[in-house]
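Hi,

Here is the structure I said I would pass on. Have a look at it first, then read my notes below.

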Amino acid sequence: MGGCMSDSQDTTDRNVEREIEKDKKQDTRAHKLLLLGAGGSGKSTFFKQLKAIHGEGHNDREKEGFKRQIHGQVVESIQLLIRQCKTVTKDPLPGIKDEDDEPFGNDDLDDARLSNSLKVEMTETEIAQFKIAKEFDQSCQYLLEIHGSRSALTEQLVTHVKSLWNECPAIQAMFEHRNKIGIPDSSAFFFNDIERIGRSDYTPDHKDIVLARYRTTGMTEKEFHIKDAVFKVLDVGGQRNERKKWIHFFDGVTAVLFVVSLTCYDEVPFEDVTDLAADVTLMNSMLESIKVFEDTLDFECFQKTGFILFFNKADLMQEKIKRVPITNAFPNYKGPQEFKPSVDYISKYFLSLNRVPEREMLLRFFFEYVLFVNYW
Amino acid sequence: MVTINQIIWTIPFLLTIYLVPIKYYERQLFLMTCVSGLYTVNMLIILRPKNMYYPLVDSVMRCRWNCLCIRRRYRSNYESNISKSNASKGSNSNGSSRSRSSNGGSNGGADGDKDLDTCKKCWSNLSNVSDLHSSHSKETRARRTAIEMSYQLTLEKVLSKQNGFELFASHLVKELSLENLLFLVEYMQLKYFVTIHLQSHVTNIGYQIPICPTLIQKYLSSHLAQANLSTSTSWAICLGINTVTRQMTELKHNSTVHALQPLIVVFDIAARDIVNLLKGDSFYRFQLSSECIRYCEELI
């Protein structure tokens, strides 16, 4: 009996050992790629694309998860828009008035600071454009009262969002300032398609999945088999608190895929979002990206690691450059306010941060989620 | 494989017929050698060890080509499955002889007892095939229900049960995002403390996440709220959020408990944000994980 048990134990031991050996062998065979970048640069989007193209794609259950993320994004974005409109016009917040009266309503210090900064930034007429008309009060109240933002979109919710988005000029005006209040660009796409998204039989297609924006926390890894090579790609969160975790994955990295959003030169980082008074020239996500990139390059373990710089959202940048110059983040830039010279400058700037000449640095660009070696 | 073998042996066979004249004895000898060679190789192909038919997932064998190891595997299989070997003993004599000869061949003269063992193993294996088939369909059905159930799971449901909480926590450890859950637990513990000791000072306890009660109902000293923090410490603690900072300063200057209600409101916003973050990101991956499906199977 005892002999039998020890025999089976031996077998289990041997099996476990073999499995560990197998895993180790696989680990050494796989190329470890680390997706890094500041918050909102598009690491997870890149990861999703990889999975769709080189992985097994997204199955129905995953699609259901994305559907919930999209619903969450719609609700959160509209709530944020309403809240910011109310804050700017100093309207009491209807939904959370009772419980939030103390910290927000009677906050003299905050109010004073807010109104002071707004006086500098905006005139009365400018503030007036953010005033949500009385007829939308019911919609605002309904939307602000939703707390479980992961719940499915009900018919009523869809109607409220639709009316606010299409008929309320204040919401549209506030959306124009999305860079300061941390609302993703893709929210407009979902608001416009709210009827399709709100249907009970809605399944997100590839475009929806790629456009869905959700904050990542922690780390996800996935193996991709491309031809004979095995790539282990690690996706991480990019917010400030998440960056402290990066150091745990730095061992044995083949290459760092550093993602930079080209449009973030006038966007306020997630952690610094306050209100419309935010000054994008003082702090914006591009400056943050540069800082993160510099810090990453300086790590001792990355001195010989190759870097691939992905410039994301190039298509959006083409539109944005017409309105906003890149001098927000690059005050020394003297070139024309055009796409090609600006991107040239940004890419050269990033490359110049590398102080180890023998380190391999590659540049890649994303146009509407399609990868390009060059942008012309 | 058999066809290829036949084609290969046909070539020397035909060559012999055409090249060697009929009157030579060598012709017969060559032809016989070809035929016997063909059949020998065919037999070896057909009777090849079981592990060469398909890759063994949890093979005991270190080397899949080592025919001697097949016996050990058969024996261990037999030992583990002996209890199930009662059914269908009389059927399929072909399989038995096949197994016997294959084993005999591979072992190179193993003794009778061992052969008998192998034979029994073969029976049990055959019966297990049918057993496995029915249990397999049952398993897949249970698994499908579990998968569906895992999708219906909510974060609240998982957190309110000890098992679920631990499983989700271990998932978060793997993903390096346990701090989110720890914040929620600590915050709920604090709320529990407030409801026990400072109820009179708080009108509305605010947002509550149903976390497994054994984790929340800890004994916390009733003097906890009277801890003396210097203003600078409280500033350092409170993350630089204006409202929180102001409340913390008030907490220092005035009585401890008056500032509680506004603080609860402020931290509730953070707690809601964390819950949304968990639901949208970590929990969604947890639902897809095999651990969650196993957890649901256990629930069923």
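A:Cys168 sits in the loop between H8 and H9 of chain A. Leaving out residues up to four places away in sequence, A:Cys168 touches A:Ile132, A:Phe136 and A:Ser163, where contact means heavy atoms within 4.5 Å. The C-alpha atom of A:Cys168 is also 7.5 Å from that of A:Ala133, although the two are 35 residues apart along the chain.

Before you go further, a word on the ground rules. This is a predicted model, so local features need pLDDT of at least 70 and side-chain atom pairs count only at pLDDT 80 or more, while totals for chains, interfaces and linings use all residues. Residues are numbered from 1 along each chain as its sequence is written, chains are lettered from A and ligands numbered from 1 in the order in which they are written, and side-chain values use heavy atoms, with hydrogens and water left out.

Now, the overall picture of chain A. Chain A has 17 helices and 7 strands, and 50% of its 376 residues count as buried. Of the contacts in chain A with a separation of 6 or more, 73% are between residues 24 or more positions apart.

Helix H9 (residues 169-176) of chain A has A:Ala170, A:Ile171, A:Ala173, A:Met174 and A:Phe175 buried. The cover over these buried residues of H9(A) includes helix H3 (60-88), helix H8 (155-167), helix H10 (178-181) and helix H11 (186-192) of chain A.

H8(A) also packs against helix H7 (residues 137-144) of chain A, at an angle of about 125° and with the axes 10 Å apart. (Axes are lines fitted to C-alpha atoms, for helices over the stretch in contact, and angles run from 0 to 180 degrees between N-to-C directions.) That angle makes H7(A) oblique to H8(A); under 35 degrees counts as roughly parallel, over 145 as roughly antiparallel, 65 to 115 as roughly perpendicular and the rest as oblique. On the H7(A) side the contact uses A:Ser139, A:Cys140, A:Tyr142 and A:Leu143, and on the H8(A) side A:Gln156, A:Leu157, A:His160, A:Val161, A:Ser163 and A:Leu164. By class that is 6 nonpolar, 4 polar and no charged residues. (Ala, Val, Leu, Ile, Met, Phe, Trp, Tyr, Cys and Pro count as nonpolar, Asp, Glu, Lys and Arg as charged, and the others, Gly among them, as polar.)

There's another helix pair to look at. The axes of helix H15 (residues 285-298) and helix H17 (residues 339-352), both of chain A, come within 10 Å and cross at roughly 30°. That makes H15(A) roughly parallel to H17(A). A:Met286, A:Ser289, A:Ile290 and A:Phe293 of H15(A) meet A:Ile346, A:Tyr349 and A:Phe350 of H17(A), giving 6 nonpolar, 1 polar and no charged residues.

Which residues touch the most other members of the largest nonpolar core? Of its 41 residues, they are A:Leu36, A:Met286, A:Phe293, A:Met317, A:Ile346 and A:Phe350. (A nonpolar core is a set of buried Ala, Val, Leu, Ile, Met, Phe, Trp, Tyr and Cys residues joined through side-chain atoms within 4.5 Å.) H15(A) gives the largest share of this core, 5 residues. Apart from this core lies another, of 39 residues, among them A:Phe136, A:Leu143, A:Ile171 and A:Phe175.

H15 of chain A also holds A:Thr296, which is buried at a relative accessible area of 1%. Not counting residues up to four places away in sequence, A:Thr296 touches A:Leu36, A:Trp246, A:Phe258, A:Phe302 and A:Phe307.

Last, a backbone detail. Most residues other than glycine have a negative phi. A:Lys227, not a glycine, has a positive phi of about 55°. A:Lys227 lies in the loop between strand S2 (219-226) and S3 of chain A and counts as exposed, at 81% relative accessibility. In chain B, B:Leu176 has a positive phi too, near 60°. B:Leu176 is in the loop between helix H7 (162-174) and helix H8 (178-197) of chain B, and is partly exposed at 26% relative accessible area.

Cheers

Conventions. Helix = DSSP H or I, 4+ residues; strand = E, 2+ residues; numbered from the N terminus. Buried < 20%, exposed > 50% of the residue type's maximum accessible area, 1.4 Å probe, protein only.
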